[in-house]
Every structure is written in C-alpha cells, then in structure tokens.
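Please look at the sequence and the model before you read each solution.

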Amino acid sequence: MLREMPWRGAGVAIPMFSVRSEADLGVGEFLDLKLLVDWAVESGCHLVQLLPINDTSVHGMWWDSYPYSSLSVFALHPLYLRVQALSDSMPEDIKKQIEDARKKLDGKDVDYEATLAAKLSIAKRVFSREKDFILNSSSFQKFFSENQDWLKPYAAFCFLRDFFETSDHSQWGRFSNYSEDKLEKLVSKDSLHYSVIQFHYYIQYHLHLQLSEAAEHARNKGVVLKGDLPIGVDRNSVDTWVYQNLFRMNTSTGAPPDYFDKNGQNWGFPTYNWEEMSKDNYAWWRARLTQMAKYFSAYRIDHILGFFRIWELPDHAMTGLIGKFRPSIPLSQEELEKDGIWDFNRLTRPYIRKEFLQEKFGATWTFVTANFLNEYQKDCYEFMEDCSTEKKIAAKLKSCAEGSLLLENEDKIRNDLFDLLKNIVLIRDPEDARKFYPRFNLEDTSNFKDLDDHSKNVIKRLYYDYYFHRQENLWRQNALKTLPVLLNSSNMLACGEDLGLIPACVHPVLQELGLIGLRIQRMPSEPDLEFGIPSQYGYMTVCAPSCHDCSTLRAWWEEDEERRRRFFKSVVGSDALPPSQCLPDIVHFVIRQHVEASSMWAIFPLQDLLALKEEYTTRPSTEETINDPTNPKHYWRYRVHVTLESLMKDKDLITTIRNLISGSGRSCPSLGEAAEKRQIASSQAKIPTATQQNGAPQKQAIASCN
C-alpha cells in the first residue's frame, strides 16, 4: 500500500513596501493585501509572506526603511496606512491632496521620506476633523484597553523623540530613565500636548483596523498570512527605553562571516539579557508573539541561530568581524598556558609593523603613523588612545577630512585602518582578563602567520574546538530554554531562518521542537555541495530559490558566467552553453524543482514568479534586489513595477503558476466552481512550452537561444 503524501503548499513572498496597486500612495499598504491574497488564490498559493511591518521611525529619514530595526516591536508602521480609508466623509480638498500625492509618489522606487511625510500630513488633517468621534467610539475604546500597555509608552516615546529631536533616550534629561509615574504624566489628558499623544493612538488604531481587515480576508480565502519576527530591536527604541534591563546596551548584535558577507555583519542592535528575561518567563517575548498572532497565522523567526547563540560585538565596533558568541565557553588563560601560550599582549593587541604600513598605505604611511599610531619600539606600532576603536577611528578620520588633511580616499584609509585593528589572534574578555575568544578566521592574519609553529598548531586546535565542538551542548540547552516559550505563546506556525554558520546542534533541536527550517538552493547546508538539491529536502522545511537577503533568481543567473555553467551542468544536466539571460524556461525549471520538493512549503519571491513571463523581465534584474547585507545603510525601497490589478488580469501567468503548483501535487486554494472552469479552459487553450511538457528545459531549445 502506498503511503499518503503529506500536505504540501506554496506561497509568494514580497515586502509590504514593495507591493504596488492603483490606490496606494507610493508604497504598498495593508489593504493592498486583500488584492494580493486574491491573486495568490488564483495562482494556487496558500500563503503570503511579508517582511517585518513594525514602526521603524527612529532617525526621521530614509535609514528607517530598514524593516528589521524596530522602534517598537508592537506598533505598526504608519507607512502602510491607507489614508483614503480614514474617513467615509472626506472633504474635497483633502481628496485632492490625496490624489496629488498619489500621482507624485507613483515612482519606480519607494521615496520613504516623502511618502511617510505625505501620509502623516493627510492623516493629521483628517484627525483634526474626526478625532472626537473616533476616540470616543466603543471600537477605539476596546482597542485602547486591549493595547494600552504598549500603546501609551509608544505614544509618549514618539512625543519625546519629536520634542528632543532625537530617538536617543539617553539625551532626554529626566525622561531618560523610564518610570510608570513619568509615563502617566506624559499621556495625561490634562497635558498641553495631549492631542499629539492622541494622534499616535489614532494612527495605530486605524493601522490595526486595516491590517485586521486584510488578515480576516486572508483567513476567509484559506490563505496563510506569514509575518516576520526580527531578531533585534533598535538601540534607540521604545523597548530599550521601557525595558532597559532586558538588553545589554554596551554590546551590538551581528553575524560572523558567511555567505551573505565575508567580513561579518554588525546590525547595531543591543544583545539580549536572557538571564533577566527568564525571571518573568520571557514575558516580553510572549507579548510580542501574542500581538503578532492577532494578524498572522505563521511567522518567520529571523536569524533563529540567535536563540542558540548570538554574535556579540562591542558597541564601539562598526564592522562585524571582531566578535564572540554569547553564550560561549571561552578559552581560559590556564588552558592556554598549559599548552605553552603565554604572550597574551602579543596575541590580543593589533600586530602592526613598519613593513605592513608601507605595503598597505604606500606613500601615505607617514601621514597614518603621525595621526593614528605610536611607535612603542623600533618599527612596531600601536594605535593612539583617541583612535583605539573603529568608532574612534571613523570620528578622527572625519575631522581629518574636514580639515583637508586626507591625501586619499577616506573610505579606503578607514577600511585599511580597520584591517590593522583586526590584526589580532585572541579577543580578551572585557569583564574577565583571564578569558579569551579566538578571532574569527584568525589564520588569515599576519599576527597568526608570524607565530612559531608550536603556537600556530595549539591556537588552530583551540580555534576549531571553540567554534565547532565545545559549545554544542551549551547552545542546545540555551535554545531549549528560549524557543519553546515562543512556540507556546501562540498557535502560529513557526519557521526558522537557519542560514549562515550553522552549529551541529541546530537541526536536531529544530526537529525536536517541530520547527520548520529554510532551504535556499544557492546556500546549501551540506558543505560539499555548491547547489542544494530540492528533491532531497526534508518535509519540515520551506524551500525557495532566493530570498530578500540575496539577488533574485534572474540576477543570480546573470551575474556569474562560470557559476551559471556549473549550475547548468550539475543541476540541469546539460553540457550545452547556458543562455546568458535567465529565460522563462530556466525559471520554469527551477520553480518546478522547488514545487516538486518534499518540503512542506515552497515559497517564491514575487520577482521570481514574474520572471516566468518575458514581458515582466524588461526591468534590469539588479533593480529587483531587496537588500544588500554587505551595506549596513542599504535603502530598502524596491517596488514591483506592475500593479496588482494588472497581475489579476494576466490569466496566462496565473495559469502557468497554478499549473506548476497543482501539477506537483501541492494543495491549491479552491477557486469556486465557475472560476475552476475558467482556469481549466485557460489551461487547455494554452500551448505548452518545452519545459511544461517534461519539467526540464529542452537542451536544444535553450542552446538555440544563445
């Protein structure tokens, strides 16, 4: 007897800000999700996945486009508000303002600052007309009573941020230290600024109504709305103001070097004080998940590795390489001395020699030494105290540039000085001078290369022990304390983003907890593979050809000729020369590989699905990338170049996607009898391509396209 195939489904992924509709003002809006859900149903998708949608208004500029840097983990982003839906009786002059803004903001990319400013300006006008009616309504009163624990601190924070012109709450004088008494005075109905507080309540109320409406529509259509749980919060956020004890404010979160960035990443978020969080059974986390569950049926746990261990950097670091894992078992001075390692100053201080400086800086080496270094013995240098960290170096370089002292590119000198600073072998624990952590990729440093062979062998052995052996049980126990709290806080389906440097304990723990992992074909977890094999993925996975943190399928195909040839030979199985452009046949093959995988979910970025049809590939593929992880100040502004209304009319594309999904045995949402008949007729009328006949690109057909 054949065993019944377990349920499998498909989905589409797109950031909220990237959606385009005929009604929006320069950015995707929560109410656009209703149309996106309808398109997903027609196309055979049971799931719509978004990036984080919380308020990120920290800086008051386009830097806030970064959706993972939350101002509040509870508040929704005003950017996604549909201002037309604020009132049923909008006066003509406000209607005209809305229409003018819609035309002005209808650009290729999101103009974050102009869009948010336009929406808030319009919303304030509507608020001034209708605030009494709305804020006295039973619906608002219910919303307020259910959300006041986070809503009042959020509104107070926004008022203080604007009053002091900074989100850095350490600059707020007597309000720097949060207290309930201070909060109640700030949000008091008797305060002169109470209307400002009310405005923030009003905006959050309408965002809640609009997202709730979209979420209800998705549920009624049998579509899972999948959210995203960021691993961190902004250093200058409501959460770090109200719950300072839950964060290590003198640290920064990031990731060690991996596929995304060979230099590591520094996200700037403070790391969590898990010991403090455990005292109330992780109430802050439980509240986050409860809030998400009001709108979502599933969620992605961003950087789930952070619940095993987090890459922790000092707050004075700007890059992501010189960090350590927390928690982790360090190297002790005793074990190092036992193995004959004793010169700790040599190993923990930047190893700077005259020949390095001359080689790296050329003719400007004397300028560098005069301004940044001291010669403590002949031809041996150390950093001056006022430039002994990355942030100090950047600040001093800036002053040199302002004084016209720089002889070459500021960025190049900064990066070269950072390289000198990182030329260490061990990192001394700032809280215990007898504990050490091996610098990541220490074998690449001249500090290591100049050691004697015995020291090299000892340090290499301890390096591999630290990163790949001694921590496994500690990290497993850490995850088993924290992750079950998340999972038990809601009925949402949890999916872990387990990409990067993956400890051996991760996959067994995910399996034990029933968590779904992520498989991206170009980032296989198997070290001996260049490309993942979807047919070998396990059931408890989400598979995808790309994600928001890397280039789209089209861009990936076109950016590296040699890799393209290897993929064509090893995955497609063809010795022919692959086409330089990512043709619809190629896209069809890759998507079919993924829908036929055993993974519970196959989720595709909308850009990859649009590439199934040539008319949607006129935009340069590089413009469709959502994020560049190597750039900490990346502008998140990608917008799909076609409206949802147009996509709803494109029955050819809809039929192609639905046939791929249903043909793989994956479940498709019901269309209703009349719609089903239209789909069948459309499918039968369509002439199948070579790909659709056998599931693989015809080698001759593709070769002829070259």
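**Exercise 1.** Find the volume of the largest cavity in this predicted model, and name the residues closest to its centre.

*Solution.* Then sort the lining by class, which gives 13 nonpolar, five polar and three charged residues. Finally, look for the strands involved: strand 17 (493-496), strand 18 (517-520), strand 19 (541-544) and strand 20 (601-605) each contribute at least two lining residues.

**Exercise 2.** Determine which element gives the largest share of the lining of the second largest cavity.

*Solution.* The second largest cavity has a volume of about 110 Å³, and of the 14 residues that line it, Ile53, Asn54, Leu76, Met292 and Phe296 are the closest to its centre. Both strand 3 (224-229) and helix 9 supply at least two residues of this lining, and the largest share, three residues, belongs to helix 9. By class, the lining consists of nine nonpolar, three polar and two charged residues.

**Exercise 3.** Explain why the buried residues of helix 9 lie on the same side of the helix.

*Solution.* First list the buried residues of helix 9 (residues 283-292), which are Trp284, Trp285, Arg288, Leu289, Gln291 and Met292. These residues cover an arc of only 160° around the axis, and therefore they sit on the same side of helix 9.

Note on methods:
Residues numbered from 1 in each chain as written. Predicted model: local features only at pLDDT ≥ 70, side-chain atom pairs only at ≥ 80, totals over all residues. Heavy atoms only, no water. Buried < 20%, exposed > 50% of the residue type's maximum accessible area, 1.4 Å probe, protein only. Helix = DSSP H or I, 4+ residues; strand = E, 2+ residues; numbered from the N terminus. Arc of directions from axis to C-beta. 1 Å grid on protein atoms, 1.4 Å probe; cavity = no way out; pocket = protein on both sides within 12 Å on 5 of 7 lines; lining within 4 Å. Points joined across faces, edges and corners; volume = space filled by probe spheres on them. Nonpolar A, V, L, I, M, F, W, Y, C, P; charged D, E, K, R; others polar.
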